[in-house]
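This briefing goes through a protein model by topic. Please look over the sequence and the structure before reading the points below.

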Amino acid sequence: MKVQQSIAVTAVVAVLSFVFGNLTQRAEGADTVEARLRKVEDAQSIQSLLVHYGRELDKRDYKAYGALFAQDGSWKGGMGTGTGPDAIGKMVAAGFERMSPSLYEKSYHSMTSFDVEVNGDSATAWSRWTWIVVGADGKPQPERAGHYEDTLVREHGQWKFKFRQAFTEIN
């Protein structure tokens, strides 16, 4: 009788271990799926930020452009350096003021090759840019091209540039 009870208890413990083990694995899997989904959503939000950077620049909306940076965010590149949304917006506006409007009036930036790595509330990104202007023949012509190296941060629930450096490779 004791042997049968021991076998029954062992069988019940084995079944319960299997059931609770599966539930635990499912719960851990759900967390993993949730974390992975958050990373994917964050990477998409950052890619959208990279595209909006080009759009705001092309619209010459320097206030909206600066707002893409964290409060202590900084930018470094061919136009100079700046820290903080207002200073960055003003720096870029001053850069365009030094150029002939005929160079950039119908220009646009093509942003490509996004490589984003999210780590919680911070991230890094690498991407390519090409500045397209109207050529002498009236057709699109690349004016400059290069890449960006970024450090990003989630600020008040939104992704912002913490540090962006522009590298010009073709000028």
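A contact, or touch, means heavy atoms within 4.5 Å. With that cut-off, Thr130 touches Tyr108, His109, Ser110, Pro142, Arg144 and Ala145, leaving aside residues up to four places away in sequence. This is a predicted model, in which local features need pLDDT of at least 70 and side-chain atom pairs count only at pLDDT 80 or more, while totals for chains, interfaces and linings use all residues. Residues are numbered from 1 along each chain as its sequence is written, and side-chain values use heavy atoms, with hydrogens and water left out.

**Overall build**

- The protein has 4 helices and 6 strands; helices (H or I, at least four residues) and strands (E, at least two) are DSSP runs, numbered from the N terminus.
- Along the sequence, these elements follow the pattern α-α-β-β-α-α-β-β-β-β.
- Of the 171 residues, 33% count as buried; buried means under 20% relative accessible area, exposed means over 50%, and partly exposed lies in between (1.4 Å probe, protein chains only).
- Among contacts between residues at least 6 apart in sequence, 48% join residues at least 24 apart.

- Thr130 is found in strand S4, and it is partly exposed because its relative accessible area is 24%.
- Thr130 and Ser110 are 20 residues apart in sequence, yet 5.1 Å apart in space, C-alpha to C-alpha.
- Pro140 belongs to strand S5 and is exposed, because its relative accessible area is 61%.
- Beyond four places in sequence, Pro140 touches Tyr108, Ile132 and Val133.
- Pro140 and Ser107 are 33 residues apart in sequence and 8.5 Å apart from C-alpha to C-alpha.

- His109 lies in strand S3 (residues 108-119) and counts as buried because its relative accessibility is 13%.
- The side chain of His109 makes a polar contact with the side chain of Asp58 (2.6 Å). A polar contact is a pair of N or O atoms within 3.5 Å; within protein, one must be able to donate a hydrogen and the other to accept it, and residues adjacent in sequence count only if both atoms are side-chain atoms.
- The residues that His109 touches, not counting those up to four places away, are Gly54, Leu57, Asp58, Thr130 and Trp131.
- Asp150 sits in strand S5 (residues 140-155) and is buried, with a relative accessible area of 4%.
- The side chain of Asp150 makes a polar contact with the side chain of Arg164 (2.6 Å).

**Helix H3**

- The 13 residues of H3 should span 18 Å at 1.5 Å a residue, and the end C-alpha atoms are 18 Å apart, which agrees; the expected span is 1.5 Å times one less than the number of residues.
- The buried residues of H3 include Pro85, Ile88, Met91, Val92 and Phe96.
- An α-helix has 3.6 residues a turn, so residues three or four places apart point the same way.
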